[in-house]
Amino acid sequence: MYIHTYTVNRYYSSTHAFSLLMILCSNNRVMEGEKPRCFGRSRGRVNRETPTTVDITQLEDSAQELVPLMRARGRSKCSTTLPPTFHACRPGEQAWGVHSSIRDGVRRGAGATGIASDSVIEEGLSALDINPINVSSGTKTLKESMLDDDSSSEQGKVQIKPLGAVKRSVLSTKPEDVLSKKGTTGRVVELQTNYFRLPTVTNWQLYQYRVDFKPEEDSSAEKKRIVREFKEMLGGYLFDGTMLYTPHKYQKDPMTFFSTRPSDNTKICVTVQTVGLLAFGDYHYVQFFNILMRHILESLKLQLVGRYYYDPSACIKLDGHQLEVWPGYVTSIRQHENELLLCAEVTHKVMRHDTAYSLLERCCRSDSGNFQRQFKQEILGSIVLTVYNNKTYQVGDVDFSVTPATIFNWNGVRTSYADYFNQKYKVKIRDLSQPMLVSLRKKRNLLSGQDCLIYLVPELCCMTGLSEQMRKNFLLMRDLADCTRLVPSQRMDRLQHFNRCLKTNSMIAEELKNWNMELSEYLLTLSGRILPSEKIILGSEVRCGPSQAGNWTRELCLHPLLVPQEIDSWAVIVPNRQRRDVGKFISALRAAGCSMELRFSDPAYMEVDDIRIASYVKAIDNVLRSCNPRLIFVVLPSSRLDLYSAIKKKCCVECPIPTQMILNKNLTSRNIKSIATKVAIQINCKIGGAPWTVDTVLQGLMVVGMDVCNDTTQGTSISVLVASLNKPMSQYFSAVSIYRTSEELTNKLSANFCGALRKYIEHNQGCLPQRIVIYRDGVGEGQIPYVYEHEVGTLKMNLEQMYGGKVYKMAFIIVTKRINTRLFCDGNNPPPGTVVDDVITLPERYDFFLVSQSVQQGTVSPTSYNVISDNLQLEPDKLQRLTYKLTHLYFNWSGTVRVPAPCQYAHKLAYLVGQAIHKTPSSKLDQLLYFL
């Protein structure tokens, strides 16, 4: 007989994403005596998509698309028994399952090449009641068909994607020609980090099982309690609420248990079924350690709030502000260069004493006739913590038509929300007329078939975080900073205390011993390097170095700017009450500009009688008609966002002209000289000047910064690209795009990148850049594969077209600021220029950590740089030094910043558009730093 292969269509329903089903049968027929059928059920109408063909070489990546049976989270409806065979489906039917022996066999046999072994194929055939001896020796075997590259027919090519292999390959973004990512330049220094070694870890094979509950149970604590009832039958295990890990292989598969929920005496059916075998080094093997770590944190009596664990017994009370600060820990175990390491970081949670219901009452008292609009304005976008399950939700809407007395369908029974909370959580709701808060479920919950909306009761929701009013409270923010801003020595002491708690707790020690794990006693020590300090180049070729504080403000005030501009035509718009104060400030501005060779002519004054938006807009129109200013200087009475937004929108979109805003209180500040100096430098940059530069050495270099920002008011996202146009990095091109989908983002980034290349050609006598370095910010861990495959690929195609087939040199670097890694040097912050490119970096990446900024308070946070594409042919040293040089070129601060200047410019512009303008700025401003 012949073994044929089949390509299985992938169908998507409205709430589920289905993986591919591998189908093997003989003679293109369904097994005799068996009717075609599908496993499980779907919800909603089935939308048929284009059939997907998957080659066997994609086997290792298949688990990135986890199906309901394999998903680590979610509650999908799956078959409770694995059938002895699996079948082809009729058109319109959906295939959900794959025989476990086929799935496990293909995974076990798949090596580095993704090719299954003969024994694995035989196991799969046996599972289908096909005798492998019956395969004709004159025909190609299944393995030979896989290896035959010349075979292009459906019979000669195997196309398999298993239903969720346990092993998930980690995306390797390290360029193939990079042999070493270690640099040598700089002074070697010994550093401590917030990592702990795991000298010994369990290296046996682990079995992974999925636990399903019917009817579904939302509470993870309740699911863990139910599973604990069968501990004697399950033996030693670790359960996270969905997946169960154990070193034992259960004889019966699947296993079914029955329990009773005490709250309502509901019978619960618990099904435990095999997912697969975890080998040391698998992705899910490391995930097991993190689950174990979370289990250990629970043993320390820490409380789970949102994603992290906090210690309420060690809370810091701020009675004067009705707040509490809970200290906690963020932990992560990951495979680093040569070993598994535990990263531990100190975190804090601000807990408020008020609830959403108390906020509703305040709104009713302040404006009873318009309380609904006011309450929505205050609550939308807030994160609330529910008191009954300690989960956090983001409020997306308020439904005033739904109350706790409203009837809904709960597991087939009509009941009210009040009765639901009373029966399930033993919580009694006092006010049955209050409106309900609405939250949208996370994407992973939508894919698992759950309803998209969650209704929350305001009186059961504690407010978290800080409101805008709180952030404006100087005393509150100062008290919070005193509690949460830890200096390096304090942070190290907290981490060592955390380590001692883990090692001295008898229950935790026994737990670690059971899993053959051990934790090192001290923080990890490694070697780093301090790069040489950079020389700042001012006007007249004056060179100076950063001071001990890490800035060059003093030298900047004493020497001319690199490219000073003459402000020969400008206007001042000021409320008539502040006319005298602004005159004094203009005098200070001129005095500050003299030493920097920045000359200000007499401005044209335009007074406004009141502080209404219409008055300011009218004044701008009058100024533009009466004179042709290069810049408009605007005095604001207060930090009103609506007034600021209206002026910026007017001057960035409708009538493109740079503006300089200043608050009225700063006109008479005691630090008026310092403020005037900074304002003078900003004005110079906004009209085309530049204050300083550094020697970048490389010729023909274009540096690009990319960032994204969400516009919550419009439901869109902002993408910004900023690119340098000359060697001193004193001229830039900027482009802004507003998008809604990832595909739209990729297309607009591509168009903006081509526009930057054309502007570079205009500024460099028709020459294209010899080297391009792109720093991409705003990329989460889960977005790296998309950026790597789509954005980088699209930019490379653009470069091939622009260069006409000639060789181009480009590096694409992902910049990540929000990381948990911390570095310490002799109990203090490491100095600017500290680089770490080994031990705590990742083996699948060309990455390094850089501390570029100087921090006077708290603990410095390094920035992570991940080079995902590179053909610059530069040694790691030069790429690290170039990155450090670029952190000196952000003209809004006479010191180093956390990220390269083009990246910081992109962030600044994205924030301006997302928070104030909400529209694409005029292209007439794209070569000015108008957004500083």
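**Helices, sheets and cores in a predicted model**

Biologist: Which residues of α20 are buried?

Modeller: The buried residues of α20 are Leu745, Thr746, Leu749, Ser750, Asn752, Phe753, Cys754, Gly755, Ala756, Leu757, Lys759 and Tyr760. Buried means under 20% relative accessible area, exposed means over 50%, and partly exposed lies in between, with a 1.4 Å probe and protein chains only.

Biologist: Before we go on, what kind of model is this?

Modeller: This is a predicted model: local features need pLDDT of at least 70, side-chain atom pairs count only at pLDDT 80 or more, and totals for chains, interfaces and linings use all residues. Residues are numbered from 1 along each chain as its sequence is written, and side-chain values use heavy atoms, with hydrogens and water left out.

Biologist: Back to α20. What do its buried residues pack against?

Modeller: They pack against β32 (701-711), β33 (716-724), β34 (732-739), β35 (771-776) and α21 (784-802). Contact here means heavy atoms within 4.5 Å. Helices (H or I, at least four residues) and strands (E, at least two) are DSSP runs, numbered from the N terminus.

Biologist: How many residues does α20 have, and how far does the helix reach?

Modeller: Helix α20 covers residues 742-763, which is 22 residues. From first C-alpha to last it reaches 32 Å, close to the 32 Å expected at 1.5 Å a residue. The expected span is 1.5 Å times one less than the number of residues. Just after α20, Gln765 takes a positive phi of about 50°.

Biologist: Zoom out. How many helices and strands are in the chain?

Modeller: The protein chain has 23 helices and 40 strands. Of its 932 residues, 53% count as buried. Take the contacts between residues at least 6 apart in sequence: 72% of them join residues at least 24 apart.

Biologist: Which residues touch the most other members in the largest nonpolar core?

Modeller: Trp570, Leu589, Phe633, Tyr775, Phe891 and Tyr905 do, in a core of 83 residues. Helix α23 (residues 901-917) gives the largest share of this core, 10 residues. A nonpolar core is a set of buried Ala, Val, Leu, Ile, Met, Phe, Trp, Tyr and Cys residues joined through side-chain atoms within 4.5 Å. In soluble globular proteins, nonpolar side chains tend to be buried together.

Biologist: Pick Leu589. What does it touch?

Modeller: Setting aside residues up to four places away in sequence, Leu589 touches Trp570, Phe600, Ala676, Val679, Ala680 and Ile683. Another core lies apart from the largest one. That core has 38 residues, among them Tyr329, Leu495, Trp515 and Met517.

Biologist: Tyr329, then. Where is it found?

Modeller: Tyr329 is found in strand β15 (residues 323-335). Tyr329 counts as buried because its relative accessibility is 13%. Beyond four places in sequence, its contacts include Leu302, Tyr308, Arg494 and Phe498. Tyr329 and Phe498 are 169 residues apart in sequence and 8.5 Å apart in space, C-alpha to C-alpha.

Biologist: New topic: sheets. What is the strand order in the open sheet of 5 strands?

Modeller: The order is β8-β9-β7-β11-β10, with antiparallel pairing. β8 (238-239) and β10 (255-261) stand at the edges with a single partner strand each, so one side of each has no neighbour in the sheet. Two strands pair if DSSP finds at least two bridges between them.

Biologist: How many bridges link β10 and β11?

Modeller: β10 and β11 (residues 266-278) pair over 7 bridges, in the antiparallel sense. Ser259 has Ile268 in β11 as its bridge partner.

Biologist: Which strands does α4 lie across?

Modeller: Helix α4 (residues 220-228) lies across β7 (206-214), β8, β9 (243-246), β10 and β11. α4 runs at about 120° to β10. Axes are lines fitted to C-alpha atoms, for helices over the stretch in contact, and angles run from 0 to 180 degrees between N-to-C directions.

Biologist: And β20 with β21: how many bridges join them?

Modeller: 4 bridges join β20 (residues 407-410) to β21 (residues 413-416), and the two run antiparallel. Their hairpin has 2 residues between the strands, and Asn411 takes a positive phi near 55° there.

Biologist: Last one: is Ser520 buried or exposed?

Modeller: Ser520 counts as buried, because its relative accessibility is 15%. Ser520 sits in the loop between α14 (506-514) and β25 (525-530). Its side chain reaches the backbone nitrogen of Arg197 at 2.9 Å. A polar contact is a pair of N or O atoms within 3.5 Å; within protein, one must be able to donate a hydrogen and the other to accept it, and residues adjacent in sequence count only if both atoms are side-chain atoms.
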